[in-house]
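Please keep the coordinates open while reading.

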Amino acid sequence: MARSALTGTRIRERRTALRMKQADLARAAGISPAYLNLIEHNRRRVGDSLLEQLAQVLGVDPVALSEGAEGVLFDGLREALASAETEGGAQAAGLPELERIEEFVGRFPGWAAVLAGRQARVAALERVVESYSERMAQDPFLLASLHEVLSAVTSLRSTAAILVETEDIEPEWRARFLRTIQDESLRLSDTAEALVGYLDELEEAETGLSSPLEQVEAWLSMRGWHLPELEQPDPPAPETLIEGVAELASGAARKLALAHIARAAEDARALPLAPFAAALLDCGSDPARLAQRFGAPMGAVFRRLATLPAGIEGAPPAGLVICDGSGTLTFRRAAPGFTMPRFGAACPLWPLYEALTRPMQPIRTVVDMAGRLPQRFLTYAFCAPRQPAGFEGPVLMEAMMLILPPPPERASGERPVGSSCRICPRADCVGRREPSILSEA
C-alpha cells in the first residue's frame, strides 16, 4: 500500500475538493498566493504553525496534511514495536515484521487504530509517571510530605507493636500509647490529605505551574510566544501587557515577564519585523547570516527567530533554550519533539552547555533526541558574556541554543542527546550522571 509523503499535494487536493481558490486559501492563512503555489507544488517546506493554519481553514487535522490519513497509525505502531523491542530485546522471538506495517494497516485498519490508541495511552501514562518522579526528586513540598508520612507510619507501627507484644501494661502507659496512636493517626491523615490535595491541583492544572518561570512560559505560550504590541512605532508600557494576566500569579513571575518584555522590545527595535521577514526569504534561517545583515547581536537573532508570529513566510518552527553560567535554564520554548526537563538539569551533552566553554564561538550541531522514535534537530548554540555592573562588576555568561528542523541529508557526527538523565533511555551514555527511571523499569 503506497503512502504519499507530499504535504503540498494533499493541501492542493483538499483545497480543490472544497472548490476553494488558491488566493482565498492564501489570504485566510496569511500568506501570499505565490508562496502557497510553491507549497502546493512541494517546492517549499511547510512549518508547523503555517500547517496548523492551513488545516484549520481547510477543516482537517494537520496530521492528515503532513502525513496522510494513516500517518498517526504508522507512527503509533512503530512506537509500539520500539516499546516491545525495548522490553523484550531486539532479537526477541515473535516480534512483528516492520516491513509489513503498511500491509497490516491496509488490511486491518480497525485493529491498527486500537493498537495505536493503546500505545498513545501507554505513552501518556509514562509521561505522567516521569513527571511525578521528576517532581518528587526536586519538589521540596513533596519530599517533606513523604518524609512526614513515613515518620507517622513508623511511629504508629512501633506503638502498635508495643501494645500487641506486651501483655501486662499499666493502665496509665496503655492510655499514653493509645493517645500516641490517635495523635499519629491524625497527623498521618492530615499529611495525606494535604499531599493528595496538592497532587490533585497539579492534575487539574495539567502543567503544575509551581515556579515563576513556568508561569511566564504559560503566559507566552497563550500568546503564541509573540508580543505584537512591541512591533508598533510607539509600543505601550510593559505594565499594561501583564495587567490582569491570570497566568502570572506571583510577583516574581510578573517581574520576569517585565524583564522579558523589555528584552523583546530591544530585539524588535534592532530587528524590525518586516525587514527581518524579508531577510528570511533571502538568507534563510542561518542566524550568523542574519546577524551580519542587520549588524545585530547573535542572541537577538536567536530570540527573534524563536518568537516570530505565525504565518511568516520562510520561518521554520523554532525552539529556544537559554541558560546562565551555572547551567540553570532561564528560558524554554520547546520545539515539537524536543523534550525539555521541567525540573533539575538538562542533558549535559546539549550543545548549549558546550557553548559555555567556548564563549563567542558559534556551534552548529545536528542532534538526535532520545526516544522510542528518535528525532533529529539542527541546533545553533552561542555564548556571550555580560557585565551588568560595568567593568568593576562580575562577568556573567549566558548561553542559548536555537532548535530548528534538521537538514534533509544525514551526516556523520550527529550527536545523541536526551532530555535529562532521569528520564533518558540511553543506557550507555557517556554523560550520564544518575540512573534513568526508564532503564530501572
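Which element supplies the largest share of the lining of the second largest pocket? The model shown here is a predicted one, and in it that share, five residues, comes from helix α4.

**The second largest pocket**

This pocket has a volume of about 990 Å³, and among the 46 residues that line it, Gly47, Ser49, Ala315, Pro316 and Pro317 are the closest to its centre. Helix α4 spans residues 48-58 and is joined by α3 (33-40), α14 (273-283), α16 and strand β4 (375-386), each of these elements supplying at least two residues of the lining. By class, the lining of the second largest pocket divides into 28 nonpolar, ten polar and eight charged residues.

**Packing around α16**

Two of the helix pairs in the model involve α16 (residues 298-306), and the table sets out their geometry.

| Helix pair | Angle between axes | Distance between axes |
|---|---|---|
| α13 and α16 | about 100° | 10 Å |
| α14 and α16 | about 90° | 12 Å |

The angle of about 100° between α13 (residues 251-270) and α16 makes α13 roughly perpendicular to α16. On the side of α13 this contact is made by Arg263, Asp267 and Ala268, and on the side of α16 by Ala300, Arg303 and Arg304; the residues of this contact divide into two nonpolar, no polar and four charged.

With an angle of about 90°, α14 and α16 are therefore roughly perpendicular to each other as well. Here Leu273, Phe276 and Leu280 of α14 meet Val301, Arg304 and Leu305 of α16, and the contact of α14 with α16 has five nonpolar residues, no polar residues and one charged residue.

**The enclosed cavity**

How many cavities of 30 Å³ or more does the structure hold? There is one cavity of that size, and the largest cavity holds about 40 Å³ of space. The residues that line the largest cavity are Cys347, Gly418, Ser420, Cys421, Cys424, Cys429 and Arg432, which divide into four nonpolar, two polar and one charged.

**Local details**

In helix α1, which covers residues 7-17, the buried residues are Thr7, Gly8, Thr9, Arg10, Ile11 and Arg15. Just after α1, arginine 19 takes a positive phi of about 55°.

Is valine 245 buried or exposed? Valine 245 lies in the loop between α12 (238-242) and α13, and because its relative accessibility is 18%, valine 245 counts as buried, the cut-off for that class being under 20%. Tryptophan 219 is 26 residues away from valine 245 in sequence, while the two are 7.8 Å apart in space, C-alpha to C-alpha.

**The chain as a whole**

The secondary structure of the protein chain comes to 18 helices and six strands. Of its 441 residues, 38% count as buried, and among the contacts in the chain with a separation of 6 or more, 60% are accounted for by residues 24 or more positions apart.

Technical notes:
Residues numbered from 1 in each chain as written. Predicted model: local features only at pLDDT ≥ 70, side-chain atom pairs only at ≥ 80, totals over all residues. Heavy atoms only, no water. Axes fitted to C-alpha atoms, helices over the stretch in contact; angles between N-to-C directions. Helix = DSSP H or I, 4+ residues; strand = E, 2+ residues; numbered from the N terminus. Parallel < 35°, antiparallel > 145°, perpendicular 65-115°, else oblique. Contact = heavy atoms within 4.5 Å. Nonpolar A, V, L, I, M, F, W, Y, C, P; charged D, E, K, R; others polar. Buried < 20%, exposed > 50% of the residue type's maximum accessible area, 1.4 Å probe, protein only. 1 Å grid on protein atoms, 1.4 Å probe; cavity = no way out; pocket = protein on both sides within 12 Å on 5 of 7 lines; lining within 4 Å. Points joined across faces, edges and corners; volume = space filled by probe spheres on them.
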